[in-house]
Amino acid sequence: MSGWKTSYKVSDLSDKQQLELICRQCNRLAYTNKSMLCEKIDRSHLYLDEIEKRARCKARGCGGLMRLSMVRLDELSGFVGGMA
Ligand SMILES: [Zn+2]
C-alpha cells in the first residue's frame, strides 16, 4: 500500500514533484520537495519512508509524526495558491 515510499529515494523525485506532510496529531499540512529536503543536509540517498519517519510537525508544542503523501502533478496548480 505504501510500497512507493520504500522503493523511491529522494533522488528519484523530479524537481517539480511536491510531497505533502500531514501531522498525525494536529493535521497540520506542510509541503516539501527534493530541493527542500536536500537544502541543509543532503538527503538524496534516503528512501521516502525514512523521510516520513524523521519528519516531525513544526507546530508549537506538537512535534507529532507526519504522514507523507505524493501530490499528483496534475493537481499541483491548484495547490500553488495555498503555499506559504
Ligand atoms: Zn502537529
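Two residues are in contact if their C-beta atoms, placed from the backbone, lie within 7 Å.

**Conventions**

The model is predicted: local features require pLDDT of at least 70 and side-chain atom pairs count only at pLDDT 80 or more, while totals for chains, interfaces and linings use all residues. Residues are numbered from 1 along each chain as its sequence is written.

**The whole chain**

Read from the N terminus, the order of elements is α-β-β-α-α-β-α. Of the contacts in the protein with a separation of 6 or more, 66% join residues 24 or more positions apart. Colouring by burial comes next: a residue is buried if 20 or more other C-beta atoms lie within 10 Å of its own, exposed if 12 or fewer, and partly exposed in between, with C-beta atoms placed from the backbone. Buried residues make up 14% of the 84 residues.

Now examine each pairing. Strand 1 and strand 2 run antiparallel and are joined by five bridges. Here Glu20 has Tyr31 of strand 2 as its bridge partner, and Leu19 stands opposite Thr32 in strand 2. Strand 1 also pairs with strand 3 in the antiparallel sense, over five bridges; on this side, Leu21 stands opposite Leu68 in strand 3.

Select Asn27, which lies in the loop between strand 1 (18–23) and strand 2 (29–33). The hairpin of these strands has five residues between them, and Asn27 takes a positive phi near 65° there. Asn27 is a residue other than glycine. Is Asn27 buried or exposed? Asn27 is exposed, because 11 other C-beta atoms lie within 10 Å.

**Ile22**

Move back to Ile22, in strand 1. Ile22 counts as partly exposed because it has 16 C-beta neighbours inside 10 Å. Leaving aside neighbours within four places in sequence, Ile22 is in contact with Asn27, Leu29, Met66 and Arg67.

**The nonpolar core**

Finally, select Val10, Leu19, Leu21, Cys23, Leu37, Leu48, Ile51, Ala55, Cys57 and Met66, the 10 residues of the largest nonpolar core. Such a core is a set of buried Ala, Val, Leu, Ile, Met, Phe, Trp, Tyr and Cys residues joined through C-beta atoms within 7 Å. Strand 1 and helix 3 (48–54) each supply at least two residues of this core, and the largest share, three residues, comes from strand 1.

Which residues does Leu48 touch, not counting residues up to four places away in sequence? Leu48 touches Lys5, Tyr8, Val10 and Leu68. Of these, Val10 is also listed in the core, and Leu68 is the residue opposite Leu21 in strand 3.

Methods. Helix = DSSP H or I, 4+ residues; strand = E, 2+ residues; numbered from the N terminus. Pairing = 2+ DSSP bridges.
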